[in-house]
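Student: I have a new model open. Can you walk me through a few spots in it?
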Amino acid sequence: MQTTPDPVTVLVVDDEKGIRDGSERIISRMGCNALTAKNGEEGLDIIGRTDVAIVLLDLKMPGIDGMEVLKRIQILDRGILVIVITGFATIETAIEAMKQGAYDFIPKPFEPDQLRIVINRAREKIWLKKEAVKLESERRRTLADLGTEKSRIHTIIDSIPNGIVVTNADGQVVLMNPAFGRLLGLDTGTAVGGRISTYIPDEGLCRLIVEISSGRHVDFDDIPTYEFSVGEDRFLMARGRPVLGERKECLGAVVTVIDITNMKVLDRLKSEFVAKVSHELRSPLSTIHEQLALVLNDLMGQLSESEEHLLARAKEKTQGLISTIGDLLDLSRIESGTTCQEPKPVKLEDLLSNIVDFMGTRARTKQQTLTLIRPEDPLPSIKADPLALESIFGNLIANAINYTQNGGEIVVKVDMTGINTRIRVIDNGFGIESRYLDKIFDRFFRVKNDKTRFITGTGLGLPIVKGLVEALKGRISVESVPDKGTTFTVLLPVN
């Protein structure tokens, strides 16, 4: 019986020629067939024509970016393992790629040994998957060697580098592999059979696993991933799915656990870098802005029209940079968890009424109507940071005003849905094309077309809104139809 992985075809998709050429040399010396592509379009074409098993995928490329390529590979459903190549500035996207099905990641710049390790790990997973398929085929042919198959399956599970734990419908552990024990710091030889809380110290994760095990999650796609720490410097991410019987009844849960410590470290370094650079830039930019304003005031009437226009534009651009730096600092504070102040009871209807009254003047300059619709019965107070709420809904209403034509209509509706307060900001403005809806919460992303190209902004407003909503344990979603309007919906828990 073969005990080593077969040679496989590895495709390197990266717009940097040095990365492509170096990776190709290393992969070829490992006995694999190495192919390269300089962009996403070329990579997808090769995947369509060739039996590719592993893809090394750069997330930041011109044209089709890495996340779009990952989605299309997932749609093909050919079992291709995608290893994302992440740089310092793309660690958040790398985490998102892992959540959306990427197998592993490798940070730039990487050493040859790092690449060999991650490729060998992927080859082993492919081999183990083939072995599992073969074992399943043998099981269907005969039940005579059932005991042998169980032994083989246990061997395969024990060989998987990620942690795996299986529970029954009562939340008791019936199986776990050595990797799970190592990640959770369990003693060698720890026996199965106890409640999941015996093995995992995080109460929130234990509660989620018990809910999955007992069949409380009907829509499996809504089961969230869960990040937690084991010690000060180690971070893990868990993903759970129910185990279903022949009659679709829930028999328990299977949970995979991976180590994301390196990604967390890179994320923290990135946030610290952004905060430091932003602090260093804001002071001199503010000085330049004030000096330009002073020059314009002192030389009013002495400058030619073109000179006055140039100075005014310079003053406007410095103000734009100052606003961008302020937004970046806000995002850094949100990521570090220091943006929200001590929560206090807030009457959301009154807060929204004040914001609508304040923004009404701005709407009237564009001949727009801005209306707040309250429910018939008073809403319960929510416990939250008032400043965070003002920032969330001030941003959403300002966006609605900016991206709605003169004479348009903007409605803010607030009501209850289940245990959540629901706030909808509805406009009949320019709308957003469906292909952009999953990108509008990305940093610096702005929809630009003939109707919006003259609207100024940093592209950081919606990321800040999303970060604040999630910090308040809420959710935000968007629906939009081009030329008909957009609706942003925010759900905030009452408790």
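Student: Where is Thr318 found?
Tutor: Thr318 sits in helix H10 (residues 305-336). Helices (H or I, at least four residues) and strands (E, at least two) are DSSP runs, numbered from the N terminus. This is a predicted model, where local features need pLDDT of at least 70, side-chain atom pairs count only at pLDDT 80 or more, and totals for chains, interfaces and linings use all residues. Residues are numbered from 1 along each chain as its sequence is written, and side-chain values use heavy atoms, with hydrogens and water left out.
Student: Is Thr318 buried or exposed?
Tutor: Thr318 is buried, at a relative accessible area of 9%. Buried means under 20% relative accessible area, exposed over 50%, partly exposed in between (1.4 Å probe, protein chains only).
Student: Leaving aside neighbours within four places in sequence, what is Thr318 in contact with?
Tutor: Ile288, His289 and Leu292, once those neighbours are left aside. Contact means heavy atoms within 4.5 Å.
Student: New topic. How many aromatic pairs are there?
Tutor: The count is two. Rings of Phe, Tyr and Trp (its six-membered ring) pair if their centres lie within 6.5 Å; planes under 30 degrees apart count as stacked, over 60 as edge-to-face and the rest as tilted. Tyr226 and Phe228 make a tilted pair, 6.3 Å centre to centre with 45 degrees between the planes.
Student: And what about Phe441 and Phe488?
Tutor: Their pair is edge-to-face, 6.4 Å centre to centre and 85 degrees between the planes. Phe441 lies in the loop between strand S15 (420-427) and helix H13 (461-471), and Phe488 in strand S17 (residues 485-493), so the pair ties together parts 47 residues apart in sequence. Both Phe441 and Phe488 are buried.
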